[in-house]
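Take a look at the chain below.

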Amino acid sequence: MADRVHPRDDSPPQTTEFKPPPAAAPLQEEYDQVHYPVSPTKPDAPRSEKPVPPPPGTYVIQIPKDQVYRVPPPENAKRHERLTRRKPSRSPCCCCLCWLLALLTAFIFLVGVAAAVFYFVFRPESPGYSIERLSISGFNLTSSRRVSPEFDVTVRANNPNDKIGIYYRRGSSVDVFYDSVKLATGSLPIFYQGTNNVTVFVTPLKGSAVELTSGDRTAMIDEANKGQVPFKLALRAPVKIKVGSVETWEITVKIDCDLTVDNLTATAEIGSKKCDYGVDLW
C-alpha cells in the first residue's frame, strides 16, 4: 500500500504583530509635546548660487589670506610713515603769485577809495583853454627870400575849481605850423592860477629864416585873398595841481588847434577854430 504523500508547505510561519489601536496615536503625540518640547527649527539657509565664471580674457588670482597685508610690510613701514606725515608744500612761484595778486588787489582798492574821497571832497573840474586872438607880422610873400614871421597868440585859461589851484611851470612850448612847416615858436609865462580864476595872457612867437617853397607862397597868397589862411597851433604846458597845501607831480596839458585867419597882418581875425584837449599824467 502506497504511502500518502502530503505536499510540503514552504510558506513562512505566520507571526502575530501587535499594533496599537489607532486611537492611541493622538494621545502619544500630546504626551510627547508636553514632556519633550521641541525648539522651533530655523528655516534652511538659501542655497548659494553657483559662482559666475569670469568673462573670457580675464584672470582670477587667488592669494592666501595670510599673505594679504592690511598694514605696510616692515620694509615699507618707515617710508609709509614719512609720506603720511609730510605736509603738502606749495611751490615758491605759486606763493609769490598769490602774494602779488593780493597786493595788487589791495592797491587797486585803496586807489579807488582815495579817488572817491578826493572827488566827493574837492569836486574837481577840468580847466578850459581857448585861443582868443592871433596877431601876425613878418610875412613877405612877394619875395623869394626866407621869412621871419612873428605871432602874438592870446590865450584864455579858466580854472573853475573852488579848492584847486594850478602852477604853470617852466618848459612849456607853443608852435605854429603852416601845413608841415614850423613858422614860429614860443613859451607860456610862468605863473600860479588861483581858484575860480580866469587868466588871459599874450604869448609872443617868433620864427627865423623860415624857408617856404614857391608852392607854399602861392597857396598862402591865394588863401589870404579868400580870407581863409589855415594854421595849426600846438601848445604844451607842464603844470602842477595844488590841492590845499599838497602839490601833485608834474602833468602836461596838451592843446592842438586847427584855425583860419582872414589875412596875414596884425589885425587878423580868427575865422574858424577846432581844438582838441588832452593831458599826459606821466
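Accessible areas come from the Shrake-Rupley method with a 1.4 Å probe, and for residues only the protein chains shown count as cover. By that method the chain exposes about 22,300 Å². Carbon and sulfur atoms supply 57% of that area. This is a predicted model, so a few rules apply: local features need pLDDT of at least 70, side-chain atom pairs count only at pLDDT 80 or more, and totals for chains, interfaces and linings use all residues. Residues are numbered from 1 along each chain as its sequence is written, and side-chain values use heavy atoms, leaving out hydrogens and water.

Start with the fold. The chain has four helices and ten strands. Both are DSSP runs, numbered from the N terminus: helices are H or I with at least four residues, strands are E with at least two. Along the sequence, the pattern reads α-α-α-β-β-β-β-β-β-β-α-β-β-β.

Next, contacts. A contact means heavy atoms within 4.5 Å. Among contacts between residues at least 6 apart in sequence, 65% join residues at least 24 apart.

How much of the chain is buried? Buried means under 20% relative accessible area, exposed over 50%, and partly exposed in between, with a 1.4 Å probe and protein chains only. Buried residues make up 22% of the 282 residues.

Now the rings. Rings of Phe, Tyr and Trp (its six-membered ring) pair if their centres lie within 6.5 Å; planes under 30 degrees apart count as stacked, over 60 as edge-to-face, and the rest as tilted. The whole structure holds eight aromatic pairs. One of them joins Tyr129 and Tyr168, edge-to-face, at 6.5 Å centre to centre with 90° between the planes. Tyr129 lies in strand S1 (residues 128–137) and Tyr168 in strand S3 (residues 164–168), so this pair ties together parts 39 residues apart in sequence. Both tyrosines are buried.

Phe151 and Phe231 make another pair. Their ring centres are 5.6 Å apart and their planes lie at 80°, so the pair is edge-to-face. Phe151 is in strand S2 (residues 150–159) and Phe231 in strand S8 (residues 229–243), 80 residues apart. Phe151 counts as buried at 0% relative accessibility, and Phe231 does at 2%.

Tyr129 and Tyr168 also belong to one aromatic cluster with Phe191 and Phe201. Tyr129, Tyr168 and Phe201 are among the residues that line the largest cavity, which has a volume of about 40 Å³.

How values were computed: On a 1 Å grid over the protein atoms alone, a cavity is a set of points where a 1.4 Å probe fits but cannot get out, and a pocket is an open set with protein on both sides within 12 Å along at least five of seven lines; lining residues have an atom within 4 Å of a point. Grid points are joined across faces, edges and corners, and a volume is the space filled by probe spheres set on the points.
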